Amino acid sequence: MSSFFTVICMLVSILFLMPVAFASDTEPVASLMWGNTRDVAVEGDYAFYTAPYGLIVFDISTPGDPVEVSRLFLTRSNETADEIVINGDYAYIVQGEYGLAIVDISDPSDPQLLLYYPTSKPIIEMKTEGDFIYFTAGRHLFENDFHILDISDRENPELRNIIIEDWGSYPFVGFDIDGAYACLISRDDGFLVLDISDPDHPEVAAEYNPDEEISSAQMENNLVYAAAGNDGLIVYNLFDPYGPTEVDRFDTYPVEDVVISGDYAYLEAANAYNSYSVVDISNPASLTLVADNPTSMLAIRGMKISDNRLMIRNIMGPSYEAYGLQIFDISEPHNSTLWGEYYPPNDPDIICTDGDFAYVGNALNGFSIIDVSNPAAPLPIGSAPLAGRAGGLSVEGDYAYVTMLGDNTLYVVDVADPALSVVVGTYEAHCLLGRVMARGDYVYLIADDVQAENLGLLILDVSDHSAPQLVAEYQSTEQTPVIPKCLDIEGDYLYLGYWKYRVGDGFTGLHILDIADPTDPQLVSIFKEGDFETHAFYGVDVVGDYAYITFRGGIDLMVLDVSDPADPQVVATVPTPSEPEYVLNYNLFVSENRAYVSATHNGLKVFDLYKIDSPVLSEKFSTPGMVCDAAKIGEHFYLADLFGLMVVEGAYYEPPAGDANNDEAINIGDIVYLINFVFKNGMAPYSMRAGDVNKDVSVNVGDAVYLINFTFKSGPEPQE
């Protein structure tokens, strides 16, 4: 071995211990359909809403007719925009675990992000008064952190104090600020009142642990108004020189939350969850009911007051994760009126693409049609008048085929003119319907109904779109409840994946059908092998001779050789790694030798299929909610996240051969990266093509040697 080569090997050995970064070029370029509103603040004629993806500003100068004037995208990775408070021309928005986003809203039509203020722990609740932001923070049980942040210099917030009290057995559930006092509330341990007149030296002013369980409270004129569940609203005087006393209580209704404006307290009902009451507190020793206001909402999940407007976050539909907001004019407390409301499009969870359009199934209207000819500015242009949530969606030519969750009807929608989409035909089945796939003049429907005698598949002739006709059925032969969950078609074969209805019920499997004659489907084989027979098949995409499968949990990806449909063979499996949260895999699609898997909190997982028997996870891209489906047009990906539709660019990127670490250069860093991968179980190359520089269909020490010769000895260039 030459002395030069020996030196290089020694250098590589030294660098062998260096950490390796995992490069990623995936970046969001746009988002829309922001659902699940989180909070609202009103300033003058504008309402500032937060949704998981960021800030939405509405002009509410005309009652009953809020007009959106701007949006500001704030999401970083899988963090969400949550609580908002306004102080002058600035909005302070809780930004997941990152801390605070500080936004200049002096021009509501063009809000500008000034900076992120990081916090060591997630913010639980936040309030503002004067030149200070106050917030509680914590990550685990028994954490009771209260922060005082000086914001007199908006672009350079200064932390004045963190108070970590060894007080109580449970974390703070809330707090309130009243002049010089901060009242911290623990559900089971009562109240801790701090004198914060000197932010640098807060002092304990009072403590009290009542018998009642407290869920929220507000301070007003040195009295504490506490929401105490079934015990109603209780007024405490914590500054009585003889000890804390109860002043009065209003226990006509159970109370979950309380907010105060002037002489009135607004109470969120604890049990009904869909009403609020108004109580006169002008005489704290004699609380009096002024009004009881049942609402049309399913449930209330929080209240705030600003400028004589009561803002209520509510559940807006059958999904308990779907939230909207209502604003009430409370200038006359005994006769409050609805000022305006915002019900965003919500829960997109199915997506398919065709040409310049994305078709998105969601919770409010079946599905929406988005013009994505400009990926940076997707534009909603149409929807079908369908009530409920889409359960299946497929587009073929000028027609979309839609099923609804919990429904037995297939809807045929003419989308030739997306802006004028109209239902032109329906088919009512004798069972509930799930996923759907259209091919030519036929539509294949999953019978998603365990009570339907294990029926698996319906096949409809839709050559007459106004009157679809059932031409064939396929029924599982299992004797215990199993239902199909996914399907795909490749050539003359249909692949139908089943899962168990209940734990312990039957077996799952991949059923392969010959549909050369759609009117007479023939079972070719059922894939059940070893441990896989008890896994829940949840997504399937067949490309050429291979079927790519996702499972509900346990296995991220399986590759089957289906070149002989009668005898499918396992080529590779990728188990789900141990994660801090339980990961559920949903759908997937395969494009250009990569598999894109939708996986709840992990967002989109990208697997490199360069070596078909060894898929490698090459990238993850997280979103604020759960990615239930994904599709691709050109160089852009469209992710149906439960909180919105995100357009992503970059996961398709292909580094040149030799750029194993994807830093846009070929140098000794790539050599170290490959050696770590081969010998130390380091991260795989961003692309296996980039790592296999000598093109021997393997990434091994030979590729590192190849790069050493190229980098230091004028050897041949990496082979594309």
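Visitor: Before that, what should I keep in mind about the model and its numbering?
Guide: This is a predicted model, so to speak a calculation: local features need pLDDT of at least 70, side-chain atom pairs count only at pLDDT 80 or more, and totals for chains, interfaces and linings use all residues. Residues are numbered from 1 along each chain as its sequence is written, and side-chain values use heavy atoms, with hydrogens and water left out.

Visitor: How many helices and strands does the chain have?
Guide: Helices (H or I, at least four residues) and strands (E, at least two) are DSSP runs, numbered from the N terminus. Here the count is 4 helices and 56 strands.

Visitor: And how much of the chain counts as buried?
Guide: Buried means under 20% relative accessible area, exposed over 50%, and partly exposed in between (1.4 Å probe, protein chains only). Of the 720 residues, 56% count as buried. The chain exposes about 28600 Å², with carbon and sulfur atoms supplying 47% of it; the areas come from the Shrake-Rupley method with a 1.4 Å probe, and for residues only the protein chains shown count as cover.

Visitor: What share of contacts join residues at least 24 apart?
Guide: A contact means heavy atoms within 4.5 Å. Among contacts between residues at least 6 apart in sequence, 45% join residues at least 24 apart.

Visitor: On to salt bridges. How many does a search of the whole structure find?
Guide: The criterion is a side-chain nitrogen of Lys or Arg within 4 Å of a carboxyl oxygen of Asp or Glu. The search finds 12. Take D39 and K304, whose side chains meet at 3.2 Å, N to O. That pair links distant parts of the chain, with D39 in strand β2 (residues 39–43) and K304 in strand β26, 265 residues apart. D39 counts as buried at 10% relative accessibility, while K304 counts as partly exposed at 23%.

Visitor: Which residue forms a salt bridge with D150?
Guide: That's R160, with the closest N and O atoms 2.7 Å apart. D150 lies in strand β12 (residues 145–150) and R160 in strand β13 (residues 158–164), so the pair ties together parts 10 residues apart in sequence. D150 is buried at 10% relative accessibility, and R160 is partly exposed at 23%.

Visitor: What about K605 and D556: buried or exposed?
Guide: Both are buried. They form a salt bridge too, the closest N and O atoms being 2.7 Å apart. K605 sits in strand β52 (residues 603–608) and D556 in strand β48 (residues 555–561), so this bridge ties together parts 49 residues apart in sequence.

Visitor: Which residues are linked in a network of salt bridges?
Guide: Look at E212, D231, E246 and R249, which are linked in such a network.

Visitor: Now the backbone. Where is N221, with its positive phi?
Guide: N221 is found in the loop between β18 (216–220) and β19 (223–227). Its phi is about 55° although N221 is not a glycine, and the residue is exposed, with a relative accessible area of 66%. D307 also has a positive phi, about 50°, and is not a glycine either. D307 is in the loop between β26 (299–306) and β27 (309–315), partly exposed at 45%.

Visitor: Which strand gives the most to the lining of the second largest pocket?
Guide: β42, with 6 residues. The pocket is lined by 33 residues, of which I351, C352, M437, D488 and N587 lie nearest its centre.

Technical notes: 1 Å grid on protein atoms, 1.4 Å probe; cavity = no way out; pocket = protein on both sides within 12 Å on 5 of 7 lines; lining within 4 Å.
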